Amino acid sequence: MKRIASFRRGTLAAATGAALAAALLSGASGAEANVNSQAAAPDVDVAAVKADLGELQSIADANGGNRAHGEPGYQKSLDFIKGKLDEAGFTTSVQEFTSGGKTGYNLVADWKGGAADDDKVVMTGAHLDSVEAGPGINDNGSGSAAILEVALAVAKADLQPTKHLRFAWWGDEEDGMIGSTHYVDSLASDDQSKIDSYLNFDMLGSPNAGYFVYDDDPELEKVFTDWYAAKDITTEPETEGDGRSDHAPFKDAGVRVGGLFTGAEATKSQEQADNWGGEAGEAFDPCYHSACDKTSNIDDKALDLNTDAIANAIWTLSS
């Protein structure tokens, strides 16, 4: 997630035999009786997300300590994500743009299952770049790895949603949402209007984690707050990152947006520490935009919960 001062801009649950039998006995069509339509969202294995973060750390270590825009570590990170998506059966494309005299890249992946057209698109995104100062494992390897594993869970389930699913990994967010803005600006107005919702995930494993939900759209917000409430976890509206991440260009274009966040340089209050644990008076992420934003800079519980919350949102909003 970019700094405020830098820029302007305010185990997959199978359907029960009884439920499936009831659908068949009632004369439901094959589509209505499809197991995917009856199944709950999966419990995504956080170990898989952490393995992806380990790979991103290794990429940074081998490429000057970062995965920043225009640097070799970013291209290697994109290649890693793209390779896993291609193998899983997604249709991937790489979009080029120029920023600061360097070529940047967005990675977009469309799921082949479900809706035959893209008249209603549920889109999920995270920025893939780090700052030059460090490997960017929480900011934003955490969001990138989480949505990757949710996308792979979609493929594993052979999900057949009624809306079109699209995932994206943005370049050069750290210089002001450059990649995502380029993507939105490159869409024809008709294509923009086809995006039913955009969900953004930036910093999901802060070591002194909070549980913040974007409050830009009531329906999208409720999908997340209801999920957390069912687990007896208090959430708060997300305000620290307003206008500071890749949801901003979508919101400006009139697309409804939602997402999750665990905090950056802001300080955790005593009330928040009482609700969530952690240390009051300390930053949510003391390693924000620093060299110490490594795999050791991740709260596993927050990463696990947020990844599962994303899966629930995708299953819910696309059906």
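Two residues are in contact when heavy atoms of each lie within 4.5 Å. In this predicted model, serine 142 touches Leu53, Ile137, Met203, Leu204, Gly205, Ile298 and Leu303, with residues up to four places away in sequence left out of the count.

Serine 142 belongs to helix α6, which spans residues 137-157. Its relative accessibility is 0%, and because buried means under 20% relative accessible area, serine 142 counts as buried. The side chain of serine 142 also has a polar atom that lies 2.9 Å from the backbone nitrogen of leucine 204.

The protein chain as a whole contains 12 helices and 8 strands. Of its 319 residues, 54% are buried. The chain exposes about 12,700 Å², and carbon and sulfur atoms supply 48% of that area.

The average pLDDT is 90, and 89% of the residues score at least 70. Helix α4 (residues 46-61) has the highest confidence, at a mean of 99, whereas helix α1 (residues 17-25) has the lowest, at a mean of 36. The pLDDT is below 50 over residues 5-38, a stretch that has 40 contacts in the model beyond near neighbours in sequence.

Key
Residues are numbered from 1 along each chain as its sequence is written. This is a predicted model: local features need pLDDT of at least 70, side-chain atom pairs count only at pLDDT 80 or more; totals for chains, interfaces and linings use all residues. Side-chain values use heavy atoms; hydrogens and water are left out. Helices (H or I, at least four residues) and strands (E, at least two) are DSSP runs, numbered from the N terminus. Buried means under 20% relative accessible area, exposed over 50%, partly exposed in between (1.4 Å probe, protein chains only). A polar contact is a pair of N or O atoms within 3.5 Å; within protein, one must be able to donate a hydrogen and the other to accept it, and residues adjacent in sequence count only if both atoms are side-chain atoms. pLDDT is the predictor's confidence in each residue, from 0 to 100. Accessible areas come from the Shrake-Rupley method with a 1.4 Å probe; for residues, only the protein chains shown count as cover.
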